[in-house]
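Please open the structure in your viewer and keep the selection tool at hand. The tour goes from one selection to the next and says what is found at each stop.

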Amino acid sequence: MNSKERLIDFFKYNQWCNQNIIEVMQPQMDKFPHRAVELISHILNSHIFWNNRCTGKPDNDRWIIHPAEKLSTINQENHQITFTQLENRPLSEEISFKNSAGGISTVNLGDIYYHLSNHGTYHRGQLALLFRQSGVAEPVRTDYIFYTIKDKL
């Protein structure tokens, strides 16, 4: 598997993880700690943020809270944009954007999407802890190996 194929696979995994978490949270969003609600929206908002930078659109707020009924659609739309970018552009393509200090930063497309994949994993780990601490639901099994196991239970 080459680097581009690997990234596409990571984003299929990322989409699967997010969707599984959304399906647990959505029907009982009001029972979860507010921080969990913030984090699932933040994961989606950060995906929008980096897709926007890769497609030349303005930055968005990464901390707005989305209504529960829109989370799945946002997750699906985010990943469709990412798959289109990964399929049609070289990973080495340089992306320049205005950074938070007001200057211009440049990074390649592949590094942006590797970062975004790791960012989601980081925050899903925080969600797992919040799930366990709150007792509202068991943590969703989002380790990559569970995504790859072919005989899922």
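**Helix 2 beside helix 4**

Begin by selecting helix 2 and helix 4, whose axes come within 9 Å and cross at roughly 175°; axes are lines fitted to C-alpha atoms, for helices over the stretch in contact, and angles run from 0 to 180 degrees between N-to-C directions. That makes helix 2 roughly antiparallel to helix 4, a label for angles over 145 degrees, while those under 35 count as roughly parallel. Helices here are DSSP runs (H or I, at least four residues), numbered from the N terminus. This is a predicted model, in which local features need pLDDT of at least 70 and side-chain atom pairs count only at pLDDT 80 or more, while totals for chains, interfaces and linings use all residues. Residues are numbered from 1 along each chain as its sequence is written, and side-chain values use heavy atoms, with hydrogens and water left out.

Next, select Ser 46, which lies in helix 2 (residues 34-54). With 3% relative accessibility, Ser 46 counts as buried (under 20% relative accessible area, with a 1.4 Å probe and protein chains only). Leaving aside neighbours within four places in sequence, Ser 46 is in contact (heavy atoms within 4.5 Å) with Arg 62, Leu 116 and His 119.

**Helix 1 beside helix 4**

Now select residues 3-25, which form helix 1, together with residues 109-134, which form helix 4: the two pack at an angle of about 25°, with their axes 10 Å apart. That makes helix 1 roughly parallel to helix 4. To see their contact, show residues including Phe 10 and Asn 14 of helix 1 and Tyr 113 and Ser 117 of helix 4.

Notes. Angles under 35 degrees count as roughly parallel, over 145 as roughly antiparallel, 65 to 115 as roughly perpendicular and the rest as oblique. Buried means under 20% relative accessible area, exposed over 50%, partly exposed in between (1.4 Å probe, protein chains only).
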